[in-house]
Structure formats: structure tokens, C-alpha cells
Protein chains: 2
Amino acid sequence: MNMHFNPSQSVRYVGVQNMVRLVASRGVESMLEGMADYIEEDFRRWPLFDKTPRVASHSADGVIELMPTSDGTLYGFKYVNGHPKNMREGLQTVTAFGMLADVATGYPQFISEMTITTALRTAATSAVAARHLARPDSRVMGMIGLGAQSEFQALAFRVICGIEELRVYDIDPEATAKFLGNMEGLGLRITPCKSAADAVMGVDIITTVTADKQNATVLSDNMVGAGVHINAIGGDCPGKTELQADILKRASVFVEYPEQTRIEGEIQQMEADFPVTELWRVITGELPGRLDAQQITLFDSVGFATEDLSALRYIRDVVAETPFYDEIDLIAAPADPRDLFGLIRSAKLSADEGI
Amino acid sequence: MNMHFNPSQSVRYVGVQNMVRLVASRGVESMLEGMADYIEEDFRRWPLFDKTPRVASHSADGVIELMPTSDGTLYGFKYVNGHPKNMREGLQTVTAFGMLADVATGYPQFISEMTITTALRTAATSAVAARHLARPDSRVMGMIGLGAQSEFQALAFRVICGIEELRVYDIDPEATAKFLGNMEGLGLRITPCKSAADAVMGVDIITTVTADKQNATVLSDNMVGAGVHINAIGGDCPGKTELQADILKRASVFVEYPEQTRIEGEIQQMEADFPVTELWRVITGELPGRLDAQQITLFDSVGFATEDLSALRYIRDVVAETPFYDEIDLIAAPADPRDLFGLIRSAKLSADEGI
């Protein structure tokens with residue numbers, strides 16, 4: 001059926017295939033650096049944002065979440081799920097997509113896959129936090145959990161924080177093998193370890209990034225030495241934590257959005273008034289980050305909607321210089337905006353007349 | 001750049017062009033009837049749904065909303081804006097899109113435009129409510145507001161409730177002309193009227209469907225006679241109402257989800273404990289609808305997420321028998337689910353090797 005009118009307005013779309021091409025052509029490290037700048041820029045203008053805890057729909061096997069935010073000009077949201085059991089069925093634990101819209105008109109502007117993008121933005125956010133909280137001379141990172149996000153974390157800390165050496169551990173030797181294979185030739189010295197305790201021994205930064213949806217003790221108090229920065233990624237929903245509570249008592253804890261982190265982060269184990277510092281206040285210089293080389297700093301990261309908006313802004317901007325996007329006809333565009341029905345009538349007439 | 005692997009899994013997508021073709025080929029009335037059945041079916045299993053008021057982001061010019069729900073098996077949400085000023089710029093007041101996902105895996109399953117779909121589902125829901133609340137012998141409807149939703153409302157009441165005659169009014173003569181042109185030959189007797197009062201004189205059902213974002217008095221108390229059913233569509237966000245409060249005091253008010261309607265509907269004008277009846281309880285037969293031929297019944301409709309899930313289910317099911325859909329690559333599908341990074345590495349190798 002042909003139509004002699006165009007009933008729609010298109011929205012730029014970056015699917016998985018184009019995202020893979022975009023990241024492969026620019027390079028993961030370049031993408032991480034660029035995205036980190038956008039994330040840091042948005043942390044600096046934090047008070048501007050319309051902030052709300054994510055809207056979660058929990059089920060027996062996982063969670064589906066919507067994460068909206070707006071800076072007053074640009075609105076964005078992400079759809080994301082978390083289903084740890086998916087992996088056993090050969091599926092992704094986390095899949096995501098997101099969009100940007102124009103606040104002035106409410107019109108969608110840009111839609112993108114966000115599974116790969118979320119891995120990039122989570123790693124970039126971790127590195128932004130560490131840039132402000134870890135000891136500046138940090139060169140060795142211990143990483144526990146070598147799943148889908150691990151390579152992105154490793155490269156973000158290399159390019160943004162100057163990490164040169166990794167000590168890594170996963171309970172699953174296959175995950176370790178996958179990680180070592182992927183990191184080959186990328187310039188980091190990597191030591192696979194026999195235990196989590198071994199992996200964090202003597203390191204400057206500890207990253208915990210495991211996926212089990214339960215209160216686990218991936219890191220216990222006796223494993224954490226003075227002066228360490230802890231990048232805690234995996235504790236990110238109610239009932240899912242990675243750190244022994246004693247660590248939280250010894251550390252200075254930094255968070256994205258306290259209202260959300262108290263529900264979802266490591267600090268869900270603590271009282272409601274457990275003291276935390278908002279990361280954006282450190283980034284703007286309003287509050288100090290690390291006070292001395294002995295302090296234990298902890299970024300209790302759960303992922304916040306503003307980071308997704310930053311990531312989408314970045315992808316939107318860099319993809320525009322490439323061929324790696326499509327256009328999809330998501331917006332109805334009748335000649336007279338009140339004449340939605342006319343679109344159908346015109347199409348029907350065209351079909352009846354065989355036009 | 002070619003790739004010798006498929007990094008993605010596709011999701012069925014119905015854009016505006018395919019939606020226009022689908023509705024034109026099946027016919028608007030057939031779509032309204034089919035959708036009404038799905039909507040009624042979901043009202044019957046109302047207690048199953050995970051219900052939450054929509055998540056709204058208000059700005060000076062309008063609102064952007066996310067409306068999620070789930071029946072435990074299927075998750076759905078709609079993105080929708082409301083920007084009354086858009087019309088003056090030649091843009092739609094309301095644009096929308098939505099998706100369905102599998103609760104068990106969190107994977108997106110179906111994505112669709114919902115601008116046209118929302119007009120259909122709003123009209124179908126109105127007619128479902130009227131089927132249970134209006135006098136069964138209702139044949140004449142008065143309609144105030146002849147914007148983008150008006151033709152869909154008119155046809156829904158014709159095919160679902162047996163309305164044969166319309167009395168219509170809009171402050172803008174151009175909107176009236178558009179409406180009359182679109183309805184030509186569709187089998188309803190239509191009388192354009194000089195005022196709202198004239199349009200509702202002696203009718204069985206009154207539909208108010210204006211778009212201004214303000215507390216307006218589209219319908220005043222003296223215009224409403226005994227036995228009328230009022231289908232109030234336009235009062236659907238804080239500060240936006242159409243009816244004089246006195247009408248609410250005389251009428252029996254039926255709502256979708258009280259927690260949302262008390263904020264957004266006509267009853268935002270009343271006290272927090274103003275008595276209302278949930279429509280689903282009438283549809284299941286748990287509570288009575290209309291008690292006698294003299295009662296004024298009022299459906300204070302704001303639109304609820306379950307109706308969008310019903311509409312998406314219906315579109316998903318009927319489009320499957322047609323060629324009117326595309327597939328988009330929204331889900332990353334690495335061979336090893338933990339190996340997201342491997343997708344990039346493979347693409348890069350392919351590019352470097354010129355494969």
C-alpha cells in the first residue's frame with residue numbers, strides 16, 4: 001500500500017548493531033573518557049535536575065525499572081531490567097534502552113539501546129567518583145566479579161584514573177577466562193587470583209561488581225586496608241548487597257542520590273540516618289572528598305537517572321558525526337495537529353483507490 | 001562494515017506508518033470493538049495488576065509522563081506527553097509510545113507508537129464505561145471539544161453503545177469543520193451547535209473532551225439533566241478540569257484508579273474523601289453501576305496504565321496477522337551473556353580485518 005502523504009515524523013534510533021559499530025570504531029576507552037566528561041558536567045549542575053527514585057516493578061525473578069529525569073530542557077528515561085537468573089538461560093542479566101525528549105514540546109528526540117551504554121556509563125561514573133575519591137597515586141585495582149561489566153570497569157579506571165595493574169577474581173573460572181581473553185593486548189598487567197581476599201591484597205582501589213540478587217559478603221572487613229577506595233557496584237537493589245556492614249562503619253561513604261541509595265545500595269544495611277556525602281557536592285568542591293591517605297573512601301553506587309541522561313546526550317552527540325543510526329517513525333504528524341483521524345481516512349482512501 | 005556475528009535480538013515495532021495502515025485496513029470501528037474487549041477483560045482481572053499512579057514530570061508548557069503496570073506475566077509502560085500549546089505550533093498536543101516486556105526475563109517484547117493507539121484506547125475505555133453506566137436506550141450524545149480524539153469517541157459510542165445521533169460543539173469553527181468532514185458518510189446523524197449548552201440539550205450522554213490545561217467550566221450544572229451519563233475525558237491532570245463542581249455533587253462518580261483520579265481528574269475539585277466507585281467493581285458485578293433512569297452517572301476518566309497494556313496487547317495480537325510491523329535490534333545478544341565486551345571486540349576485529 002502506498003500513501004501519498006507522510007503521516008509521521010522520525011526519531012533518531014541507535015540499535016545494538018549500530019552501538020556496537022559506534023563503540024568499535026571510536027574505541028571503548030575514548031567512549032569512556034567522553035562519557036565521563038558528560039557525566040561529570042551533569043553532576044556539576046545537579047540541583048537543576050528533576051530527581052526521583054526509580055520506579056521499580058519487582059517479581060520473583062527480577063526487577064523492571066523506569067528511571068526518568070529532566071534538566072528542565074531535556075527529559076530522559078531508561079527502561080532497565082535486572083534478572084540474575086537470565087544468565088543461566090543464556091540471556092543478559094541486564095538489558096536496557098532509553099530515550100531523550102524535548103521538555104518544551106514533549107516530543108521524543110532520540111532513542112537508543114542502553115545495554116552496552118549502561119555498561120559504559122556505569123564504568124565511567126565509577127571512574128569519575130574514583131578520580132575525586134581515590135588516592136591520586138592509585139595504580140593497582142582489585143576486582144571481584146568478572147561479568148558483563150568487568151572489562152568496561154577495568155578500562156575506565158585505566159584511562160580515567162591511571163590504573164596500570166589489576167588483581168581479579170570470580171567464583172566462576174570461565175568468567176575469569178573470558179575476562180583475561182578480552183583484556184589481552186589492552187595494556188593492563190592482570191593477575192588472576194584464587195580468592196577475593198587474594199585479589200584485594202595490597203591494592204589501591206577495590207571494585208566489587210558481582211550480580212547475585214542476595215545479601216552476599218563479597219568483601220569482608222578484614223580484607224580492607226587503610227587508604228583504599230572501594231567502588232561498590234553490585235549492591236544496587238533491595239536485598240542485594242556485597243559488603244560486610246563493618247566496612248561501612250570504617251569508611252566515608254559517598255552516594256549519588258541518598259533517597260535511592262538508602263533503599264538499594266550497600267547502606268540499606270545501615271540506619272536511615274547513616275551519614276553519607278553526595279558525590280555531586282564533592283565534584284563541585286562544596287564538600288571535601290578524601291581527607292588523607294589513610295581514609296577509606298567508599299562509592300556506594302546504584303546508578304542514577306542523571307547518569308543515563310548524560311550517557312544518552314553523549315551518544316546522541318557523537319553518533320551524529322557517524323553513519324551509525326537509523327530513523328524510526330515514532331511521532332504522528334498530521335498536517336492539522338487536531339486531525340489524527342484524518343491520517344487514517346487518507347490512508348484508507350489511498351488504499352481504496354489503489355494509489 | 002560487515003559483521004560475521006549477530007550481536008542483537010530483535011523486538012517487534014509498530015511505527016506510525018504501520019499503525020495508520022493497520023487501522024485503515026481493519027477499520028476504526030473494528031479496532032475500537034476489539035480493543036474494548038481487551039480493556040474490559042483487564043478491568044475484570046484488576047486485582048492482579050501492579051498499580052501505581054503515573055510518574056509525571058511537569059514543566060511550564062506541559063507534562064511528560066511514564067505509565068507502567070504489570071499483570072505479573074506481562075509488563076507494559078507508556079511514554080506520553082501533554083502540551084496544549086503544541087497545537088499552535090502545528091504539533092500534536094499528545095504524543096505517545098509504549099512497550100510490553102516479559103516479566104520473567106525483563107526482555108522487551110513489543111514496541112509501538114501510541115499516539116493513534118491512545119486515541120483508540122481512550123475512546124474504547126469511555127465506551128466500555130458507558131456500556132455499564134449509561135441508560136441502555138441511549139441514542140443521542142452531545143460532544144464538547146472536537147479535537148484529535150473526537151472522531152474516535154464518536155465511533156466508539158456508535159459501535160459499542162448504539163449511539164445514532166450526535167450534537168457537537170467546539171469554540172473553534174475550524175475544528176467543527178474538520179470533525180464534520182471526517183465523519184461524513186460514517187452513518188451518524190450529526191448536528192453542529194452554536195454553544196456547549198445547545199450541544200448537550202436533551203441528550204442521553206455528554207462527552208467533554210477539550211484540551212486546555214486549566215480549570216475551565218466546559219459544562220455547568222444547569223446544563224445537566226436527570227438520567228444523563230457524563231463521559232468526562234478532558235480533566236486529566238492537576239489544574240485541568242472541565243466540569244463545574246456542582247455537577248459532581250449531584251452525580252454518582254465512577255473512576256479508574258482513585259489514587260490517580262483524586263490528583264488528576266474532575267474530583268481534584270472535591271475533598272479527599274469524596275465518594276467514588278471504581279469502574280472495575282461495576283464491570284465485575286461486585287458493585288452496581290446505574291441504579292435508575294433518573295440517576296446522573298459520571299465517568300471521571302483520566303486514563304490508566306492498565307488500559308494502555310490492554311491496548312498494546314490488542315495491537316500486538318492483531319498486527320501479528322498482518323505485514324504492518326518492523327523488527328528493531330533493541331536487545332544485545334552476545335553468545336555468552338557475560339561477554340558484552342566481546343561484541344565490541346568481535347566488531348573491531350571484523351572491521352580491522354576488513355571482513
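## Domains

Domain bounds here come from an automatic or database domain assignment. The model is predicted. In chain A, domain 1 covers 8-116 + 307-351, and domain 2 covers 134-303. The centres of domain 1 and domain 2 of chain A, taken over C-alpha atoms, lie 27 Å apart.

## Contact area

Domain 1 of chain A puts 22 residues in contact with domain 2 of chain A, and domain 2 answers with 22 residues. Between domain 1 and domain 2 of chain A, about 2,000 Å² is buried. Carbon and sulfur atoms give 66% of that area.

## Polar links

Two salt bridges are counted between domain 1 and domain 2 of chain A. Glu264(A) and Arg54(A) form a salt bridge through their side chains, at 2.6 Å from N to O. Six residue pairs are in polar contact between domain 1 and domain 2 of chain A, both residues at pLDDT 80 or more.

## The domain 1 side

Which elements supply at least two residues each to the side of domain 1 of chain A that touches domain 2 of chain A? They are helix 2 (28-44) and strand 3 (63-70) of chain A. Helix 2 of chain A gives the most to this side, with eight residues.

Notes. Residues numbered from 1 in each chain as written. Chains lettered and ligands numbered in written order. Predicted model: local features only at pLDDT ≥ 70, side-chain atom pairs only at ≥ 80, totals over all residues. Heavy atoms only, no water. Contact = heavy atoms within 4.5 Å. Buried area = accessible area lost by both parts, 1.4 Å probe. Salt bridge = Lys/Arg side-chain N within 4 Å of Asp/Glu carboxyl O. Polar contact = N/O pair within 3.5 Å; in protein donor to acceptor, adjacent residues only side chain to side chain. Helix = DSSP H or I, 4+ residues; strand = E, 2+ residues; numbered from the N terminus.
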